[in-house]
Amino acid sequence: MAENRPTPPDVDRVAASRAAVAARRARAAVKAEIAAGKRTPLAVLAAAIEHPDGVEGRLRATEFLVSIPAIGVTKMRRIMTQLEISPSKRLGGLGKHQRDRLRLFLANRTVSRRGSSDAHLVVLAGPTAVGKGAVAGYIRENYPDVLLSVSATTRAPRPGEVEGTSYFFVTDAEFDRMVASGELLEWAVVHNAFRYGTPREPVEQALASGHSVLLEIDLQGARSVRAAMPEARMVFLLPPSWDELVRRLIGRGTESPAEQARRLETAKLELAAQDEFDFRVVNQEVNVAAREVVDLMNLRKAPSLL
Ligand SMILES: Nc1ncnc2c1ncn2[C@@H]1O[C@H](COP(=O)(O)OP(=O)(O)OP(=O)(O)O)[C@@H](O)[C@H]1O
Ligand SMILES: Nc1nc2c(ncn2[C@@H]2O[C@H](COP(=O)(O)O)[C@@H](O)[C@H]2O)c(=O)[nH]1
């Protein structure tokens, strides 16, 4: 009978509900592929970015994360907070920074899971002039088994610095390219001046082949590494006293008095962050501090103290 025939709104409702069921099934299929290792989370994220309204783009960030093996609900919530993504967000609706943070998290997670359990990523940070460079330099010279990451920087070389050993000295345009192509594990503007970043590839290769790697980076970089790779060993280098830190900064003589005053203000904030670190090493004597840092890296060979 004519009056029992579905009306146009009913037809729409039925079609919409069928489409919703099909979309749910398609999302479940993507999650199952991630869980089974048939598709990498990075590939799914790339598809979501390319087609925000496609099946991958419609996945909620929460369901995406819990479909990754070894990420449960508790871990997922922690990751969402760290990456500053609200639980209602779908992959296709993430902002640029959220996408970048999620991509970095996934890429770094892949690296750290490939590495051997004996290999550690060790981060050495601390306030300006505490002696990070001196300790890292001592390690470079005396512990040839330690792999020290060589950073890229936009600052100019100082006298005596060697390209590829001290830093990779790059232009602003080259640094932009490295950031855009995801070549950097972390990067930061340091002392409001130049950009510094850790090239990802050598770190990935070292960890994958079972070698520990040391990063000598600033506090912002250390925080980025911690957020992306919570298993990294975070070491904070401390001065024996505040007065000694001031002496070292002034004694180095590489900054103007105004710059020294600015760095000392920042140093107070950096020292206040020391509890965020897993280990604290006091740099009283460079060789002793270097030895303590190296001991945290699980190396088999280490020379005796001089
Ligand atoms: N244990 C130490 N005893 C005495 N002087 C030290 C010690 N460690 C480092 N110094 C000196 O302190 C000064 C600062 O050291 P260094 O440049 O390595 O600091 P840094 O932490 O790398 O600084 P920045 O973050 O500003 O680059 C240098 O002149 C260095 O020779
Ligand atoms: N976040 C990062 N910080 C880095 C990196 N490489 C070095 N640094 C830090 O920069 C300052 C200044 O170094 P300088 O050689 O110009 O005196 C120092 O605190 C380093 O720890 C990096 O790759 N990422």
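A backbone N or O atom of G131 lies 3.1 Å from an oxygen atom of ligand 1. This is a predicted model: local features need pLDDT of at least 70, side-chain atom pairs count only at pLDDT 80 or more, and totals for chains, interfaces and linings use all residues. Residues are numbered from 1 along each chain as its sequence is written, chains are lettered from A and ligands numbered from 1 in the order in which they are written, and side-chain values use heavy atoms, without hydrogens and water.

**Exercise 1. Ligand 1**

Task: Find which residues come nearest to ligand 1, then describe its shell by class.

Solution. 
- Step 1. Collect the residues near the ligand (a heavy atom within 4 Å of it). There are 15 around ligand 1, and T128, K132, G133, A134 and R252 come nearest.
- Step 2. Look for polar contacts (a pair of N or O atoms within 3.5 Å; within protein, one must be able to donate a hydrogen and the other to accept it, and residues adjacent in sequence count only if both atoms are side-chain atoms). T128 places a polar side-chain atom 2.6 Å from an oxygen atom of ligand 1. For R263, a polar side-chain atom is 3.0 Å from an oxygen atom of ligand 1.
- Step 3. Compute the cover. On its own, ligand 1 has 640 Å² of accessible area (Shrake-Rupley method, 1.4 Å probe; for residues, only the protein chains shown count as cover), and the protein covers 70% of it.
- Step 4. Assign elements (DSSP runs numbered from the N terminus: helices are H or I, at least four residues, and strands are E, at least two). Helices α6 and α10 (242–252) each supply at least two residues of the shell. The largest share, three residues, is that of α6.
- Step 5. Sort by class (Ala, Val, Leu, Ile, Met, Phe, Trp, Tyr, Cys and Pro are nonpolar; Asp, Glu, Lys and Arg are charged; the others, Gly among them, are polar). The shell around ligand 1 has five nonpolar, five polar and five charged residues.

**Exercise 2. Ligand 2**

Task: How much of the area that ligand 2 exposes when taken alone does the protein bury?

Solution. 
- Step 1. Again 15 residues stand around the ligand; S151, R155, Y167, Y196 and E216 come nearest to ligand 2.
- Step 2. List polar pairs. E216 has a polar side-chain atom 2.6 Å from an oxygen atom of ligand 2. In the side chain of R158, an N or O atom is 3.1 Å from an oxygen atom of ligand 2. For T198, a polar side-chain atom lies 3.4 Å from an oxygen atom of the ligand.
- Step 3. Now the area. Ligand 2 alone exposes 520 Å², and the protein buries 92% of that.
- Step 4. Check the elements. Strands β5 and β6 each give at least two residues to the shell around ligand 2.
- Step 5. Count classes. The shell of ligand 2 divides into five nonpolar, four polar and six charged residues.

**Exercise 3. The buried side of α6**

Solution. 
- Step 1. Apply the cut-offs (buried is under 20% relative accessible area, exposed over 50%, partly exposed in between; 1.4 Å probe, protein chains only). In α6 (residues 132–142), K132, V135, A136, Y138 and I139 are buried.
- Step 2. Recall the geometry. An α-helix has 3.6 residues a turn, so residues three or four places apart point the same way.
- Step 3. Find the partners. The buried residues of α6 pack (contact means heavy atoms within 4.5 Å) against β1 (121–125), β2 (147–148), β7 (213–216), β8 (233–238) and α12 (286–295).
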